[in-house]
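Welcome, and please open your viewer. Let us walk through this model one selection at a time.

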Amino acid sequence: MKKARIVFTIFIFGIFLTGCKNESDDYTDPRGTDYAGSESCVQCHQKQHQTAIHSGHFKASLPATKENILGYFANGKNTFVYDKNTRVVMEERNDSLYQVLYKNGKEIKAYPFDVIFGFKHAQTSGYWKNHRFYELPISYYKSINNWATSPNYSATKPDFNRKIIKECFACHSSNIASKYVTTASTETYTFMGMEVDDFMNKNTLLYGIDCERCHGPAKKHVQTHLKFPDLKKTQNMVSFRNLNRQQRIDACGLCHSGGDHTKLKSRFQFKPGESLSDYFKENQRSKDTLNYDVHGNQLGLLSRSKCFQKSQTMDCITCHNPHQDSPKSYVSYSKICISCHQNAQHNAVTLKTISKLKLTNNCVECHMPKQDSKAIRFQQSNSSAVTSYSLRTHKIAIYPTAKK
Ligand code: HEC
Ligand code: HEC
Ligand code: HEC
Ligand code: HEC
Ligand code: HEC
Ligand code: HEC
Ligand code: HEC
């Protein structure tokens, strides 16, 4: 149904925050009263909690404090030069952090770092203005340990006006509510399906991907186990062990299968056990398998591997502990490869290129090589060279030459 043009608008503030609180604790979750919050899990699941809170998932978005920002603010390391008259300087002022635009040595405007996205390889930041969120033009990249242009931004002209829409939060956070728009004439809380995608209530932001983002609402689970501490069997909680392969894959594919699909429902509504086909519809772009990018589409690439197609069991958890970042060494991955490939034989040519030890310890280097992203590129200060972001491909295959 085509949406009616809205002439007069009213903005309704955080209505879902008014739900009644449980008298036994004073935590209120912006997602609603079905949610208990990650801190409530620690008393019974210390092991998962201890590792998960330090993982990339929990840090997929963070408040932009000095501790959380990886880039430098010290003189000499904090300036991006656009041209001889124009520069952006990363500055700390009274405990707040800014990207400050200078023209001919004169300050034009200081834009605050409010929220950061990303942790493992790169960090992009943004600032709030009137319930909209705008990306800052300079980001930090670990591969160069330096600031450079935000993905696909110009290196000759700073742009502070690019909006970061709710979609980014839907993959990088656990909650943010849209502000809703209704027509003035109705003055009711019926939303009429008119959700405005770039208009958000920042007070409802839950940073990072938390326990319940992956496991679903857990308030009842917590209450039951608190009340009956001797119960050993899981109550009121979806068990991944009881999900079939497709359901397990979908729970990760929600955020790891790229952004090209036609969206049917918000990613925020997804609960484990649900089917992604209720959320996404294939279209021309999402079906363009040859152009799947190494950034963001691990599921798409993995699905193109023989390992995935020919085995009955492979899913993301085969190789990844969902509560922990990937290990630094590839030996542990090789063990997983070998568990299915005890009899893998390499021919004389391959064997000659590498020692036996390396061949058995580093399957990943050759069969999941690093590849350049076509979606993400950046430029460094005072440079016209365009650098690609590179990640390991999840299309496990035989490659002629592997990039180290
Ligand atoms: C009062 C104790 C308690 C609290 C608090 C608690 N759980 Fe549990 N949970 C259990 C028990 C007991 C089990 C069953 C035994 C086990 O797997 O540890 C369980 C099992 C689970 C499972 C495994 C499901 C399965 O069968 O595979 C998940 C997932 C889980 N809890 C998530 C959470 C999350 C998320 C939170 C916080 C929002 C939480 N739990 C808080 C007691 C608790
Ligand atoms: C709500 C979205 C979302 C879901 C669901 C999700 N991820 Fe992620 N995942 C992300 C984002 C965003 C990052 C990037 C984190 C960062 O900033 O470094 C990430 C990072 C990762 C990483 C890299 C972490 C590291 O530092 O080594 C792995 C591995 C991963 N996810 C696997 C999984 C698996 C397996 C599942 C399913 C059990 C899953 N993800 C579910 C959004 C999600
Ligand atoms: C469809 C889900 C999805 C959307 C939408 C999305 N991201 Fe991501 N993003 C990811 C995943 C998954 C990763 C980590 C793995 C990778 O790079 O493939 C990631 C990585 C990143 C990283 C690098 C983090 C790291 O260290 O790995 C940054 C920065 C980032 N995203 C910012 C954004 C911004 C800004 C937007 C909106 C313009 C956005 N993302 C939209 C899923 C998403
Ligand atoms: C990125 C998604 C994701 C996040 C975030 C996450 N989990 Fe899990 N969790 C899973 C998956 C997937 C499994 C099933 C693992 C398996 O079967 O091997 C799981 C399994 C569990 C289990 C069952 C025992 C085990 O370790 O397999 C418990 C308990 C649990 N999670 C608690 C938590 C708690 C508590 C948090 C937050 C501190 C959390 N999880 C965060 C995805 C996630
Ligand atoms: C769950 C089992 C499983 C795991 C784990 C696994 N594979 Fe496979 N892999 C398979 C199966 C099944 C095939 C198809 C064999 C066939 O066609 O006879 C395959 C095929 C391959 C091929 C041939 C690909 C081609 O295009 O011809 C390579 C190379 C390979 N795997 C490497 C790896 C590496 C490296 C790892 C670890 C990163 C790995 N596999 C993990 C099951 C697995
Ligand atoms: C056969 C093993 C295997 C499977 C299955 C697998 N991965 Fe990975 N994954 C890896 C390896 C190896 C890396 C590289 C780790 C590194 O370089 O630190 C990786 C890295 C990642 C990263 C971080 C990107 C980067 O380059 O740092 C994400 C995100 C990720 N995997 C998500 C997934 C998701 C989602 C699935 C399921 C669709 C999945 N993986 C299935 C082996 C696997
Ligand atoms: C130096 C790069 C390199 C390393 C390291 C490497 N491979 Fe290979 N692999 C190749 C090449 C090249 C081929 C194709 C030519 C051949 O068979 O030697 C191949 C072929 C394969 C095949 C398909 C042939 C068959 O026997 O079915 C499998 C499976 C495989 N490798 C698995 C592995 C596993 C598992 C590891 C880690 C224990 C590994 N490879 C380590 C380069 C490598």
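Begin with the shell around ligand 1 in this predicted model: by class, this shell has 8 nonpolar, 9 polar and 3 charged residues. Here Ala, Val, Leu, Ile, Met, Phe, Trp, Tyr, Cys and Pro count as nonpolar, Asp, Glu, Lys and Arg as charged, and the others, Gly among them, as polar.

Residues are numbered from 1 along each chain as its sequence is written, while chains are lettered from A and ligands numbered from 1 in the order in which they are written. Local features need pLDDT of at least 70, side-chain atom pairs count only at pLDDT 80 or more, and totals for chains, interfaces and linings use all residues, with side-chain values using heavy atoms and leaving out hydrogens and water.

Next, select Cys41, Cys44, His45, His221 and Thr234, which come nearest of the 20 residues around ligand 1 (near: a heavy atom within 4 Å).

Zoom in on the polar contacts (here, N or O atoms paired within 3.5 Å). A polar side-chain atom of His45 sits 2.8 Å from a nitrogen atom of ligand 1. The side chain of His221 also places an N or O atom 2.8 Å from a nitrogen atom of ligand 1.

Now colour helix 3 (211–215) and helix 4 (219–227): each supplies at least two residues of the shell. Helix 4 gives the most, with 4 residues. Helices are DSSP runs (H or I, at least four residues), numbered from the N terminus.

Finally, pick Cys41 again: buried or exposed? Cys41 counts as buried because its relative accessibility is 14% (buried: under 20% relative accessible area, 1.4 Å probe, protein chains only).

Notes. Polar contact = N/O pair within 3.5 Å; in protein donor to acceptor, adjacent residues only side chain to side chain. Buried < 20%, exposed > 50% of the residue type's maximum accessible area, 1.4 Å probe, protein only.
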